[in-house]
Amino acid sequence: MSPDTERSLARPRGLLLPLLGALPFLGILGGVFFANRMTPYVLGMPFILFWIVLWVVLSSVTMAVVYRLDPGNRQAVDADELAEGTP
């Protein structure tokens, strides 16, 4: 395997993680201008409140995905698995 291939395998998501991290910011702050209305009501909430609640939930999901994809966290998970496997 060439060094370029190893490097691309080590960091396959170089730009993906920052973009995923910026997505909740853009969704909450950028989307408020487009969702700034009272109707329709969604789950009994005005649409703007629903929009903000939706992005709070999506932010948690996005951050979980970023955590799983971040290669820096992979070493910590491997160390935890090794620690659990030892008696």
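Leu43 is exposed, with a relative accessible area of 73%. In this predicted model, Leu43 sits in the loop that links H2 to H3. Its backbone also deserves a look: Leu43 is not a glycine, yet its phi is positive, at about 55°. For background, most residues other than glycine have a negative phi.

**The chain as a whole**

Let's step back from that loop. The chain holds four helices and zero strands, and from the N terminus on its elements read α-α-α-α. Of the 87 residues in the chain, 18% are buried. The accessible surface amounts to about 6700 Å², and carbon and sulfur atoms account for 69% of that surface. If you consider contacts between residues at least 6 apart in sequence, 52% of them join residues at least 24 apart.

An unreviewed UniProt entry places the feature "transmembrane region" at residues 15-35 and 47-67. Over residues 15-35, the model is 95% helix and 0% strand, with the end C-alpha atoms 28 Å apart. Over residues 47-67, the chain is 100% helix and 0% strand, and here the end C-alpha atoms are 30 Å apart.

**Helix H3 and what covers it**

H3 has 23 residues and reaches 32 Å from its first C-alpha to its last, close to the 33 Å expected at 1.5 Å a residue. Its buried residues are Phe47, Ile48, Phe50, Trp55, Ser59, Thr62 and Val66. What covers these residues? The cover includes helix H2, which spans residues 16-35.

Thr62 lies in helix H3 and counts as buried because its relative accessibility is 10%, under the 20% cut-off. Leaving out residues up to four places away in sequence, Thr62 touches Leu20 and Pro24. Ser59, also found in helix H3, is buried with a relative accessible area of 15%. Beyond its neighbours within four places in sequence, Ser59 is in contact with Pro24 and Ile28.

Val61 belongs to helix H3 and is partly exposed, at a relative accessible area of 46%. Val61 and Pro24 are 37 residues apart in sequence, and their C-alpha atoms are 9.8 Å apart in space.

Here are the accessibility values for several residues side by side:

| Residue | Relative accessible area | Class |
|---|---|---|
| Leu43 | 73% | exposed |
| Phe47 | 17% | buried |
| Ser59 | 15% | buried |
| Val61 | 46% | partly exposed |
| Thr62 | 10% | buried |

**Aromatic residues**

How many aromatic pairs does a search of the whole structure find? The search finds three. In the pair of Phe47 and Trp51, the ring centres are 6.2 Å apart and the planes meet at 40°, so the pair is tilted. Phe47 and Trp51 are four residues apart in helix H3, which means that about one helical turn separates them. Phe47 itself is buried, at 17% relative accessibility. Together, Phe47, Phe50, Trp51 and Trp55 form one aromatic cluster.

Not counting residues up to four places away, Trp51 touches Gly27, Ile28, Gly31, Val32 and Ala35. The C-alpha atoms of Trp51 and Gly31 are separated by 8.0 Å, although the two residues are 20 apart along the chain.

**The nonpolar core**

Which residues make up the largest nonpolar core? There are five: Ala35, Met45, Phe47, Ile48 and Phe50. The largest share, three residues, comes from helix H3, which covers residues 47-69. Met45 is another member of this core. Setting aside its neighbours within four places in sequence, Met45 is in contact with Pro40, Phe50 and Val53.

Methods: Residues numbered from 1 in each chain as written. Predicted model: local features only at pLDDT ≥ 70, side-chain atom pairs only at ≥ 80, totals over all residues. Heavy atoms only, no water. Core = buried A, V, L, I, M, F, W, Y, C linked by side-chain atoms within 4.5 Å. Buried < 20%, exposed > 50% of the residue type's maximum accessible area, 1.4 Å probe, protein only. Helix = DSSP H or I, 4+ residues; strand = E, 2+ residues; numbered from the N terminus. Contact = heavy atoms within 4.5 Å. UniProt positions renumbered as here; feature names shortened; annotations may be inferred. Areas by Shrake-Rupley, 256 points an atom, 1.4 Å probe, with all protein chains shown as cover. Phe/Tyr/Trp six-rings, centres within 6.5 Å; stacked < 30°, edge-to-face > 60°. Expected span 1.5 Å × (residues − 1).
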